[in-house]
Amino acid sequence: MAILVTGGAGYIGSHTCVQLLAEGHEIVVVDNLVNSKETAVKYIKGISGKDFNFYRGDLKNMDLVEEIFDKEKIDSVIHFAGYKAVGESVENPVMYYENNLITTINIINAMKKRNIRNFIFSSSATVYGNPATLPIREDAHLIAANPYGHTKLMIEQILKDLYASDHKWNITILRYFNPIGGHPTGLLADNPKGIPNNLMPYIIQVYQGKLKQVHVFGDDYPTIDGTGVRDYIHVIDLADGHAAALSKMKEPGVHIFNLGTGTGYSVLQLIKAFEKTNKCKIPYIIAPRRAGDIALCYADPSKAEIELGWKAKKTLEEMCKVVFI
Ligand code: NAD
Ligand code: UFG
């Protein structure tokens, strides 16, 4: 039996595929490559030394979804596929609702039809909005600040309603904090198309000389040095969290876990750590705050440690290390 990995050519999906194959799982990958390249599939196979079927196609197309479930022996789904850029979701909300919701609903319907009920969903710390207390626990208040966040909250609600309607479903919702870093081979990384929105890919492009300097969005937040604090987690630790969640998928229910380290670093701390690790200078300027940003965001990851036996292990230095191929 195989795990269907949607969005498996993407940043987090590709690292998770490597992890799943290393643990001996069979996988099937589907991706329309709207935000990734087919070379990622080649690299996953190369790194793992294992083969699997890859379907290039859009999960909004129910015919394709049916075809995959008919052809493959699938018993679980890890659903990464979706759009993820906050700013783009504000500019083009319908595109976000359409892609993120329809892909999820199509997959759930195909699973339902075949009595497949193991589902892991990529949610986000964005569902906590501006948290009232820190570190953030899974039972914190949920609120979406933009269309992207709404899609995550809506899908979480759909999954909770689904379980309420049929107690055989085994659903895990993983709320990621800020994934950074890449595979030690340098083959898999966060390579967004266009100018990066997120801090780490932006720093890397400054390091590579593609961009001039980092714009630090605000230095007047109530934080250690005035810049925004986030819970950065190595993408390989995150991938490992999926493997842990999968191996504990025994009890039906809706199981929700934060995947973070529990430690927050400021923008300036991250830039300094990057400079030290890669022995370089990253020029930056202080720019106005970015609309919608919050001061502090970091997880209480203890539930995942207690229930999944999972804990992020990689250091900030490992997260910052850039490998060129
Ligand atoms: P990514 O863009 O690198 O990967 C998503 C993949 O899904 C891409 O390869 C894309 O081509 C594919 N895709 C999108 N729409 C599709 C469709 N309709 N049909 C088939 N394939 C489709 O993003 P990522 O960083 O790997 O994120 C994976 C998931 O984790 C997303 O759901 C994202 O919202 C969530 N997430 C990401 C972060 C982050 O900071 N990277 C944080 C929290 C949550
Ligand atoms: N930042 C800068 N300059 C930049 C980019 C970011 O100073 O060029 C700052 C931000 O203001 C923030 C911090 O760096 O303080 C991190 O910003 P990111 O854009 O890297 O990450 P966010 O925490 O804003 O959001 C990301 C994803 C969301 C997701 C969230 C939690 O973009 O979709 O992590 O997982 F919800």
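What follows is a chat about a predicted model, its ligand site and its nonpolar cores.

Colleague: Let's start with ligand 1. How many residues surround ligand 1, and which are the closest?

Modeller: There are 28 residues around ligand 1, and the closest are Asp31, Asn35, Ser36, Lys84 and Asn99.

Colleague: Which polar side-chain atom lies 2.7 Å from a nitrogen atom of the ligand?

Modeller: That one belongs to asparagine 99. On the oxygen side, asparagine 35 has a side-chain N or O atom 2.7 Å from an oxygen atom of ligand 1. Lysine 152 also puts a polar side-chain atom 2.9 Å from an oxygen atom of ligand 1.

Colleague: And how much of the ligand does the protein bury?

Modeller: The protein buries 95% of the 820 Å² that ligand 1 exposes when taken alone.

Colleague: Which elements give two or more residues to that shell?

Modeller: Those are H1, helix H5 (93-113), strand S5 (118-124) and helix H6 (147-165). S5 gives the most, with three residues.

Colleague: What's the shell like by class?

Modeller: Twelve residues are nonpolar, twelve are polar and four are charged.

Colleague: OK, changing topic. Which residues touch the most other members in the largest nonpolar core?

Modeller: Val5, Leu20, Ile27 and Trp310 do, in a core of 38 residues. Several elements give two or more residues to this core, including strand S1 (2-6), helix H1 (11-22), strand S2 (26-31) and helix H8 (235-247). H8 gives the most, with seven residues.

Colleague: What does valine 5 touch, skipping residues up to four places away in sequence?

Modeller: Valine 5 touches Gly13, Cys17, Leu20, Ile27, Val28, Val29, Val30, Ile78 and Phe80.

Colleague: What else is there in the way of cores?

Modeller: Another core lies apart from the largest one; this other core has 29 residues, among them Tyr55, Ile155, Leu159 and Leu162.

Colleague: Back to H8, then. Is aspartate 240 buried or exposed?

Modeller: Aspartate 240, which is found in helix H8, counts as buried because its relative accessibility is 18%, and the cut-off for buried is under 20%.

Colleague: Which side chain does the side chain of aspartate 240 make a polar contact with?

Modeller: With the side chain of glutamine 19, at 3.2 Å.

Colleague: And which residues is aspartate 240 in contact with, leaving aside neighbours within four places in sequence?

Modeller: Aspartate 240 is in contact with Gln19, Glu23, Trp310 and Lys313.

Note on methods
Residues are numbered from 1 along each chain as its sequence is written. Chains are lettered from A and ligands numbered from 1 in the order in which they are written. This is a predicted model: local features need pLDDT of at least 70, side-chain atom pairs count only at pLDDT 80 or more; totals for chains, interfaces and linings use all residues. Side-chain values use heavy atoms; hydrogens and water are left out. A nonpolar core is a set of buried Ala, Val, Leu, Ile, Met, Phe, Trp, Tyr and Cys residues joined through side-chain atoms within 4.5 Å. Buried means under 20% relative accessible area, exposed over 50%, partly exposed in between (1.4 Å probe, protein chains only). Helices (H or I, at least four residues) and strands (E, at least two) are DSSP runs, numbered from the N terminus. Contact means heavy atoms within 4.5 Å. A polar contact is a pair of N or O atoms within 3.5 Å; within protein, one must be able to donate a hydrogen and the other to accept it, and residues adjacent in sequence count only if both atoms are side-chain atoms. A residue is near a molecule or strand if one of its heavy atoms lies within 4 Å of it. Accessible areas come from the Shrake-Rupley method with a 1.4 Å probe; for residues, only the protein chains shown count as cover. Ala, Val, Leu, Ile, Met, Phe, Trp, Tyr, Cys and Pro count as nonpolar, Asp, Glu, Lys and Arg as charged, and the others, Gly among them, as polar.
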